[in-house]
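Hi everyone, thanks for coming.

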Amino acid sequence: CSSLTRVTVPETATIRPNAFPPATTVLRLPPKRMRDLQRWYEAVDGALAYKRCRPGLLLWLERANIRLGTYGPDGAARKRDREE
């Protein structure tokens, strides 16, 4: 794929000399560092997914609370407000 500009591979990987185009930078990391990098990418992906989905999750929670009667005169939200 000619659009690859950078590739990260473990030090233990065996790569043919012409596996990537000449313009591609191949970064070799120890396996432990690769795992750390993978965890970082997963954390970033999770944060972005949460940011994208948060409005929908909050709307769902609001609708569920309305259906459960949480905001009614004897609902849990009213009881909590009276306690504070």
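Where is the place of Gly75? Gly75 lies in the loop between α1 and α2, and α2 covers 76-83. Please keep in mind as we go that this is a predicted model.

Let's stay with Gly75 for a moment. Is Gly75 buried or exposed? Gly75 counts as buried because its relative accessibility is 6%, and the cut-off for buried is under 20%. Who are its partners? If we leave aside the neighbours within four places in sequence, Gly75 is in contact with Gly69 and Thr70. Now look over at Ala49: Gly75 and Ala49 are 26 residues apart in sequence, and from C-alpha to C-alpha they are 32 Å apart in space.

Those two partners deserve a look. Thr70 is in the loop between α1 and α2. Thr70 has 15% relative accessibility, so Thr70 counts as buried. With neighbours within four places in sequence left aside, Thr70 is in contact with Asn65, Gly75, Ala76, Ala77 and Arg78.

That last name takes us onward. Arg78 sits in helix α2, and Arg78 counts as partly exposed because its relative accessibility is 35%. Not counting residues up to four places away in sequence, Arg78 touches Thr70, Tyr71, Gly72 and Pro73. For a sense of scale, find Ala13: the C-alpha atoms of Arg78 and Ala13 are separated by 61 Å, and the two are 65 residues apart along the chain.

Now for helix α1, which spans residues 31-68. Where does helix α1 bend? The bend is at Cys53, by about 50°, and a proline, Pro55, follows within four residues. On the surface, Leu58, Trp60 and Leu61 form a nonpolar patch, with about 310 Å² of accessible area together. One of these, Leu61, is found in helix α1, and Leu61 counts as partly exposed because its relative accessibility is 41%.

Finally, the strands. Strand β1, residues 6-10, has a covered face with Val7 and Val9, and an uncovered face with Arg6, Thr8 and Pro10. How many bridges join β1 to strand β2? Five bridges do, and the two strands run parallel, with β2 made of residues 25-29.

Definitions and conventions: Residues numbered from 1 in each chain as written. Predicted model: local features only at pLDDT ≥ 70, side-chain atom pairs only at ≥ 80, totals over all residues. Heavy atoms only, no water. Buried < 20%, exposed > 50% of the residue type's maximum accessible area, 1.4 Å probe, protein only. Pairing = 2+ DSSP bridges. Bend = angle between axes of the 7 residues up to and from the residue. Contact = heavy atoms within 4.5 Å. Patch = residues over 30% accessible without salt bridge, like charges linked within 9 Å, V, L, I, M, F, W, Y side chains within 5 Å. Areas by Shrake-Rupley, 256 points an atom, 1.4 Å probe, with all protein chains shown as cover. Salt bridge = Lys/Arg side-chain N within 4 Å of Asp/Glu carboxyl O.
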